[in-house]
Each structure stands twice: as C-alpha cells, then as structure tokens.
Amino acid sequence: MLADRLNKDDKFDEMLGRALRSSSEPVPTDFTERMLGRIRRAEEQKILAHVVLQERLALAGCIVFGAAAIVAVAAFPGAIAAVFQSIAGSFAERGGALVDRIPQTIEAVRGQWQLYTVLAAMAGFAVYSLVDLLAGDRLRTA
Amino acid sequence: MLVHKVWDQQKEDNWLRLLRSGDHGAFARFIDKYKETVFLCCRRLGLREDEVEDVASETFLAAYNGISRYSGRAELSTWLWSIAYRQAVSYLRKNRRQWRLEAEADESRQVGSDKEQEPAAAIQGKETEKIVWEAVERLPRLWAMAIILYYREEKSIIDIAKIMQAKENTIKTYLFRARQRLKKALTPAFGEDIDVGG
C-alpha cells in the first residue's frame, strides 16, 4: 500500500513537517474586524429582508381582503345584506334576547356555510395583516 | 494536569456553544484562530492575491451561517478546511474555465525541469523552511494541498479525502508521488542527512 510507505517517524518526514509547520501565512491585519463588519451587515440585511417580506404580506392581505369583500358584496348582495341586517336587527331590536336567536343564527350559517367559511378566513387574514402592520415589529423584537 | 485538561475542555465546549449561538465575540476568536489556515488554502490552490481575501471572507461567512449545523463529529479545523477548499475550488471553476485542466496538466510535469532542480549552490544559505516551501510550491496544486494537510495540519488520510472530496487511494497516491518529488528536489540542499526511507 502506498500509505504504508509514508512514515512520519523518518527524518525526511520529520523535517518536512517541522518546516511546513514553522511558517506563518500573511493575513491582512484588520481582516477579523472587517469580517465581523461584513457579518453584521449580512445579518442586518437578512432582518431587513424579513421585515420587508412581512410588510408586503400584510399589505397584500389588506388588498386581497378588500378586493374579496367587494367581490363578495357584488356576487352575493342579498346574502351579505341579510347577514348584516340579521346581526344589526338582533342587537338593536332584541337586545338581551340575542341568546334566543342563536339557534336561528346557527341555522342561517349552516345554510350558507361555504360563504361564511370564506368570510371567516378573509377576516382572520385581515386581522393578522393589520396586527402585523401595526405591531409586528414590536412583537418580533419583544 | 487532569484538572487543567478538564478545564480546557469545558472552555472549548463553552466556546463552541457560543459559536453555535452566533456570538460575535466567539466568532472573532474563531476567525483569529483559523484565518491563516484559510488564507493558506486559498493561496495554495492558485488564487491570485486580490482574490484570496474575497474567497476567505466567503469561507468565514459560510462558516458563520453553517456553524449552528456543525455536529462536532469532525474536528472544527477539518470542517473549516472543507468549506475553504470547496469555496476556493468553486471560485476557480467558475472564474477560470481552464483551472481543472491546469491542475491536471501540472501533474504530468516532469521532475527534471529547470525549475525543479535548483543547483546546490543556489540553495545553500537559504533557511530550511524557505527551501521546503519553495519545493512544495512547485508541486502540482492538489499534491501540494495533500502534503500541507498531512504534514502541516497533521490530518489523517480519511480527513484529507473528505476535505479534498477525493478517494482515500487518490490521496495516498498524491502523498506518495509528492513525497518522492520533494525528496528528489530537496536532496541537493540537505544531502544525505535526510533519511528518505521509501
């Protein structure tokens, strides 16, 4: 085997190792400082890119929700109006008797669950977007 | 003695933990400890002086980004050597299409070239270290790298194979041939004082 013929104990190998180890490699004196500066800048850019992405997502959420709400109103005007009227009516006219209306509301929701699911998802996304837009940075750095 | 050893190990573990957590102070120590190694790797692979610092910076940046994934199975220096080697080779392949070809052509160079065998008179008076380095510089780059890793860094054949992404037998061949060539080149300077064995 070739490796068997490499013997670190013989004089030549010893001299070779000693000579190679005793040298030092020139390095710019301020390399460490410059390197740390570069790492700090890279980290700042990473955080900035993350924040920008979050902001864009939040903005996109608001736009999507707004557009979806307009489309929903245009596509299902009756249903939307009925929902709002039902809620407003319940609050204004029935007051404390709202609890009694819950089964009916559930029935109404059950009848059009697809619409309510979409609305709930959009509302959730909008709330997330708004919270992130207004307090995202503070939450992230806390 | 044992207490000192345990204390040193604890300090080392603590430093590694700080490194993995992204502590800048610990990373500054890491750079200070290994910057010469990285510059050496870049220079010996044939990067120009203006390219060496860029590739060394990229190496440390890659190390900083990857240190949290460092498992500790390999030595820290072996892990960094692997990164430096990959960075330098990838830079050379990207920027110099002929690099691989040059490295291979290098290997076919004959020992008997003018540069290879300096007259003994020219060698006399130089320091041993300088003479040895000059001889290593004249080796094909991959052979020189294997020699440096084996003799200077005292890495095992397995570690060198990992660093240079080559088979162990290839590394053994590099070392054997490089050693033979060095022996031939250095004999005029050191005469029969060197027992060259194999």
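User: How many helices and strands does chain A have?

Analyst: Chain A has 5 helices and 0 strands. Helices (H or I, at least four residues) and strands (E, at least two) are DSSP runs, numbered from the N terminus. Keep in mind that this is a predicted model, where local features need pLDDT of at least 70, side-chain atom pairs count only at pLDDT 80 or more, and totals for chains, interfaces and linings use all residues. Residues are numbered from 1 along each chain as its sequence is written, and chains are lettered from A and ligands numbered from 1 in the order in which they are written.

User: What share of chain A is buried?

Analyst: A residue is buried if 20 or more other C-beta atoms lie within 10 Å of its own, exposed if 12 or fewer, and partly exposed in between, with C-beta atoms placed from the backbone. In chain A, 7% of the 142 residues are buried.

User: At what angle do H1(A) and H7(B) cross?

Analyst: In general, two packed helices are described by the angle between their axes and the distance between the axes. Axes are lines fitted to C-alpha atoms, for helices over the stretch in contact, and angles run from 0 to 180 degrees between N-to-C directions. The axes of H1(A) and H7(B), residues 128-137 of chain B, cross at roughly 95° and come within 9 Å. So H1(A) is roughly perpendicular to H7(B); the cut-offs are under 35 degrees for roughly parallel, over 145 for roughly antiparallel, 65 to 115 for roughly perpendicular, and oblique for the rest. Leu16(A), Ala19(A) and Leu20(A) meet Thr128(B), Glu129(B) and Val132(B) there.

User: Which residues touch the most other members of the largest nonpolar core?

Analyst: In soluble globular proteins, nonpolar side chains tend to be buried together. A nonpolar core is a set of buried Ala, Val, Leu, Ile, Met, Phe, Trp, Tyr and Cys residues joined through C-beta atoms within 7 Å. The largest one has 55 residues, and Cys41(B), Cys42(B), Ala88(B), Ala146(B) and Ile147(B) touch the most other members. H8(B), residues 141-152, gives the most to this core, 10 residues.

Technical notes:
Contact = placed C-beta atoms within 7 Å.
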